[in-house]
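Biologist: I have a two-chain model open and would like to go through it with you. Can we start with the sheet and then move to the contact between the chains?

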Amino acid sequence: MSNAMALLSIFVLSIFIGFEVVSKVSTTLHTPLMSGANAIHGIILIGAITVADRADNNLQLVLGIVAVVLATVNMVGGFVVTDRMLEMFKAKPKRTESATQESGGSK
Amino acid sequence: MNRNLYDVLGLCVAVCFILALKGLSSPKSARRGNLIGAFGATFATVLVFFAPHESTISHHHTLLILIAIIFGVAVGVPAARRIQMTQMPQLVALFNGVGGGAAALVSIVEYLKLGSSASTADVVATVFTVIVGCVSFAGSVITFLKLQEIMTTRPVIFPGGRFVIAATLAGVLLTAGWVIHSMGNTPLLVMAILSLLFGMLFVLPVGGADVPIVISLLNAFTGLTVAASGYVLQATLLIVAGTLVGASGTILTRLMATAMGRSLFGTLFGAFTAKPQAASAAGEVRPVKSGSPEDVAILLNYAQRVVIVPGFGLAVAQAQHTVREMADLLSAKGIDVAYGIHPVAGRMPGHMNVLLAEANVPYEQLVEMDEVNPTFPQTDVVLVVGANDVVNPAARTTPGCPIFGMPILDVSQAGNVIFMKRSMRPGFAGIENELLYDPKTTLLFGDAKDSLTKVVSALKGL
């Protein structure tokens, strides 16, 4: 199997996995799921690192470094913000007193 | 590092991402899923510094790259930590945009390196990445500006808009052909600029409640961009991760569009085809019935069943804790309380669930639209807190209005409707709500949190 063919196979199989994995998600989790998927495509960071590292001239280096910054913001910020959303889905035993102190909404 | 070992570890990261998405599909495992994803991404980032090199070029920019990463973390983490729940949609849009921008830049650099020796397949993949990455970046920035209300949230329509958009798209495709044919740098620059323009133009006419759908669509776009750049860079992990996001994003976009009762095409191009709304209603002042917090408390106190319909106003006012306090009070009086959750209430699907979960509202009390709608005739009081478009009967009765065809919470079936609103201003979609003038509707003006606090104290006094 040629390299291009192998990459194409991986692409097609990944489509099906992607469809399969999220086909039965409840509306409750649409927002965190979108945000989590958003963080995952921040993995373009490794592509950015690769091109920045191999840069031959200053133009390539500058573009590559900008890409590294943007991709890092996407990836790290994405995972953190998703975690903050999901923090609120924690198992909640019936606490009436402690629940009234505002935790997430303050700042 | 040995090539095979590197590839095996890359495969492990890909599995992490699949498990992350899988985990995010269920409330119990969601947080763990996200952490697995974050672990995988961090691991992959460390790993890439030890990537085997085909050529003998050494890592001579490593320090600079590390500084760039630290800078990115220093920007991204505080932004994500400090953001308020209400502003989360725009932050997600912005993160998505920078991701798309990064993918486009990666491909541009790779294109500059390719030179004339590149295969056509590589150039096509590069061109695809640059186009879609630029569209995603520009589109996300406009979405951010809309949600942040830096620019108008209404659809921006200009004469001949559809033709301008079509012409821009044609221009993008033509320059793409030019790039593939000539391999020049100037055509690539022209193509990137036209793509940015197209990204802006195609989001501008989308307004109101459709914005979340567009965020999701752009998210899927960025995923595909990442996959295509993975092809250019021969990085399997990028292909898997990007495709996963592209596929799941597409499904999610469709789920959201279905919840709004419209086709994706209608969402994107609806504003140009819809007839402009008759502006006559804006001028005349029609009578509405407004009440005091005490009136509302009395209505609630003597009800058998109350349904609370939360909307974006609840999020803005940070009133989720107060609304739960009120619901607890009513429950203690033996009144049946439920929350009617419209799938797109707020500015993102599931927005209300997240918000109410924060206030520890019992999960069983959150009832989805299809289940709550048949119960409205048996409901004595519906309390609409900062929602408007999701209960607007115009979605059923006024063909041509921007939300026509969207399923709504049919609150007019209930005995009484109480609207908590800041003003008579129409909702995010900018459409007048007939229900406000209905004789069985009571309006309680003011900030949702203030109003609810007053109602709570009035209830305690009864």
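Biologist: What is the strand order of the open sheet in chain B?
Modeller: The order is 3-2-1-4-5-6, six strands with parallel pairing. Bear in mind that this is a predicted model.

Biologist: Which strands stand at the edges?
Modeller: Strand 3 (366–368) and strand 6 (441–445) of chain B. Each has a single partner strand, so one side of each is left without a neighbour in the sheet.

Biologist: And what does the twist average from one strand to the next?
Modeller: The average is 25°.

Biologist: How many bridges link strand 4 and strand 5 of chain B?
Modeller: Five bridges, in the parallel sense, between residues 381–385 of strand 4 and residues 416–421 of strand 5. As one of the bridge pairs, Val381(B) is partnered with Asn416(B) of strand 5.

Biologist: Which strands does helix 15 of chain B lie across?
Modeller: Helix 15 (residues 351–358) lies across strand 1 (305–310), strand 2 (336–341) and strand 3 of chain B. Its direction is at about 140° to strand 2.

Biologist: Zooming out, what domains does the assignment give for chain B?
Modeller: Domain 1 is 1–82, domain 2 is 89–273 and domain 3 is 288–461. Over C-alpha atoms, the centres of domain 2 and domain 3 of chain B are separated by 37 Å.

Biologist: Now the interface. How many residues of each chain are in contact?
Modeller: On chain A there are 79, in contact with 95 residues of chain B.

Biologist: Which elements of chain A give two or more residues to that side?
Modeller: Helix 1 (3–22), helix 2 (30–40), helix 3 (44–53) and helix 4 (58–87) of chain A. Helix 4 of chain A has the largest share, with 26 residues.

Biologist: How do the residues on the chain A side divide by class?
Modeller: There are 46 nonpolar, 24 polar and nine charged residues on the side of chain A that touches chain B.

Biologist: Let's take helix 3 of chain A and helix 8 of chain B. At what angle do their axes cross?
Modeller: Roughly 35°, and the axes come within 10 Å; helix 8 of chain B is residues 211–233. The crossing is left-handed.

Biologist: Which residues make that contact?
Modeller: From helix 3 of chain A, Ile44(A), Gly47(A) and Thr50(A). From helix 8 of chain B, Val226(B), Ser229(B) and Leu233(B).

Biologist: And what about their classes?
Modeller: The contact of helix 3 of chain A with helix 8 of chain B has three nonpolar, three polar and no charged residues.

Notes:
Residues are numbered from 1 along each chain as its sequence is written. Chains are lettered from A and ligands numbered from 1 in the order in which they are written. This is a predicted model: local features need pLDDT of at least 70, side-chain atom pairs count only at pLDDT 80 or more; totals for chains, interfaces and linings use all residues. Two residues are in contact if their C-beta atoms, placed from the backbone, lie within 7 Å. Helices (H or I, at least four residues) and strands (E, at least two) are DSSP runs, numbered from the N terminus. Ala, Val, Leu, Ile, Met, Phe, Trp, Tyr, Cys and Pro count as nonpolar, Asp, Glu, Lys and Arg as charged, and the others, Gly among them, as polar. Two strands pair if DSSP finds at least two bridges between them. Axes are lines fitted to C-alpha atoms, for helices over the stretch in contact, and angles run from 0 to 180 degrees between N-to-C directions. A crossing is left-handed if the near helix is turned anticlockwise from the far one by less than a right angle, and right-handed if clockwise. Domain bounds come from an automatic or database domain assignment.
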